[in-house]
Amino acid sequence: MNWNKIIECVPNFSEGRDLAKIDQLVAPFRARPGVKLLNYSNDEDHNRLVVTLVGEPEALRDALIEAIGIAVKLIDLNHHQGQHPRMGAVDVVPFIPIKNTTMDEAIALSKEVAEAVAHLYGLPVFLYEKSATAPHRENLATVRKGEFEGMAAKIKLPEWKPDFGPVERHPTAGTVAIGVRMPLVAYNINLNTNDLEIANKIAKNIRHINGGLRYVKAMGVELTDRHITQVSINMTDYTRTALYRAFELTRIEARRYGVSIVGSEIIGLVPMEALIDTASYYLGLENFSMQQVLEARIME
C-alpha cells in the first residue's frame, strides 16, 4: 500500500448468521482501489458482523456509503435478535486516523459519510465520540440506550434529534452512530458457567461506569451453543488500561462465584502494542520496549 493518508474504519453490521448477506455486506470492500479489507468476523450469538478496513479517505468514504446502502436494503431489525445491543442495521461506524491524517481530518470524513447516508438512504445519524456535537452524545452506550425498539420514541426528544437525517427512526434499518475514536480492542472472556446472571454481575464490577477499570465497557453474554457465558469487553484505550488488567480482575470477580475462565478471544484486529504489553506482564520482562520487537522494527 503506497498510500499517503491512511484511515482505519471498523463498521459493525447487525447480521452475524446469514452468510449470503454477510458476503454482500463485505463485497464493497473487496478488490477496491484505495481500500484494503483487513478482517471481518461474524458472531452468531451476538448476531453481529465486525469489519476492519483501511483506506485513503475518499476511497474509504465511497466504499462505506455503498456498504451502508446494502445494509439498509438487506437488514430488517424488526426481525433481528442477538446478544449484542444494537440500534441500527449498521450499528456504529468508527473512524481511526492511522497515517499522515489528523483527528480533524478524520472527523471531517465521518461527517461526510454521515451526511451522505442520511441523504441517500433516509437514515438518521448520531455523531459520537470525537465527532460528537454535544457532551451527552460522546458515549456510544448512551447514544444506543433504548436500542432499535426504544429509538422510535427517543429520537423525538429534543436532546436526541439526529445530527443528520430525518427526526424519525428508519422503519427497518433504525439509526446509526458515526464518529472518530481511539483504537478499540474488542476482548471477550469466556466463563465455565451458563448462568448469565453471574456473567452480568462480573461485567458490572469490572466496567468503569460502576466503579471498575477505566476505559473498560463490559456486559454479560450467553453463548448458547457452548452452554457457557461470556464477559464481552470493549477496551476503549488499551494504552491506559491493559488487557491483562481486565483479564485478572475478571478472574478475581469470577472466583467469588466459584467460576473460572475457560478462554478469551479478540474480535477483529488488535494493535501489536496491546499484546506485547500483556506478554511482558505475564513473562515478567524487565525494561522491555516495542523497539525490541522484530516486526515493529521492520515496519519502521
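Modeller: A residue counts as buried under 20% relative accessible area, as exposed over 50% and as partly exposed in between, using a 1.4 Å probe and protein chains only. The model is predicted, so local features need a pLDDT of at least 70 and side-chain atom pairs a pLDDT of 80 or more, while totals for chains, interfaces and linings use all residues. Residues are numbered from 1 along each chain as its sequence is written, and side-chain values use heavy atoms, leaving out hydrogens and water.

Biologist: Is Asp237 buried or exposed?

Modeller: Asp237 is found in the loop between strand 10 (228–235) and helix 7. Helices (H or I, at least four residues) and strands (E, at least two) are DSSP runs, numbered from the N terminus. The relative accessibility of Asp237 is 7%, so this residue counts as buried.

Biologist: Which residues is Asp237 in contact with, leaving aside its neighbours within four places in sequence?

Modeller: Contact means heavy atoms within 4.5 Å. With the neighbours within four places in sequence left aside, the contacts of Asp237 are Met182 and Tyr215.

Biologist: Is Asp104 buried or exposed?

Modeller: The place of Asp104 is in helix 3 (residues 103–121). Its relative accessible area is 61%, so Asp104 is exposed.

Biologist: How many aromatic pairs does the structure hold?

Modeller: Rings of Phe, Tyr and Trp (its six-membered ring) pair if their centres lie within 6.5 Å; planes under 30 degrees apart count as stacked, over 60 as edge-to-face and the rest as tilted. By that rule, the number of aromatic pairs in the structure is four.

Biologist: How are the rings of Phe126 and Trp160 arranged, stacked or edge-to-face?

Modeller: The ring centres of Phe126 and Trp160 are 5.9 Å apart. Their planes stand at 85°, so the pair is edge-to-face.

Biologist: How are the rings of Tyr244 and Tyr281 arranged, stacked or edge-to-face?

Modeller: The centres of the rings of Tyr244 and Tyr281 are 3.9 Å apart. Their planes are at 0°, so the pair is stacked.

Biologist: Which helices does the pair of Tyr244 and Tyr281 tie together?

Modeller: The two residues are 37 residues apart in sequence. Tyr244 lies in residues 243–255 and Tyr281 in residues 272–283, so the pair ties together helix 7 and helix 8.

Biologist: Are helix 7 and helix 8 roughly parallel or oblique to each other?

Modeller: Axes are lines fitted to C-alpha atoms, for helices over the stretch in contact, and angles run from 0 to 180 degrees between N-to-C directions. Angles under 35 degrees count as roughly parallel, over 145 as roughly antiparallel, 65 to 115 as roughly perpendicular and the rest as oblique. The axes of helix 7 and helix 8 come within 8 Å and cross at roughly 55°. The two helices are therefore oblique.

Biologist: Which residues of helix 8 meet helix 7?

Modeller: On the helix 7 side, the contact involves Leu243, Tyr244, Phe247 and Glu248. On the helix 8 side are Ala274, Asp277, Thr278, Tyr281 and Tyr282.

Biologist: Which residues is Thr278 in contact with, leaving aside its neighbours within four places in sequence?

Modeller: Thr278 is in helix 8 and is buried, with a relative accessible area of 15%. With those neighbours left aside, its contacts are Leu243 and Tyr244.

Biologist: Is helix 1 roughly parallel or roughly antiparallel to helix 2?

Modeller: Helix 1 (residues 19–26) and helix 2 (residues 57–74) pack with their axes 8 Å apart, at an angle of about 155°. That makes the direction of helix 1 relative to helix 2 roughly antiparallel.
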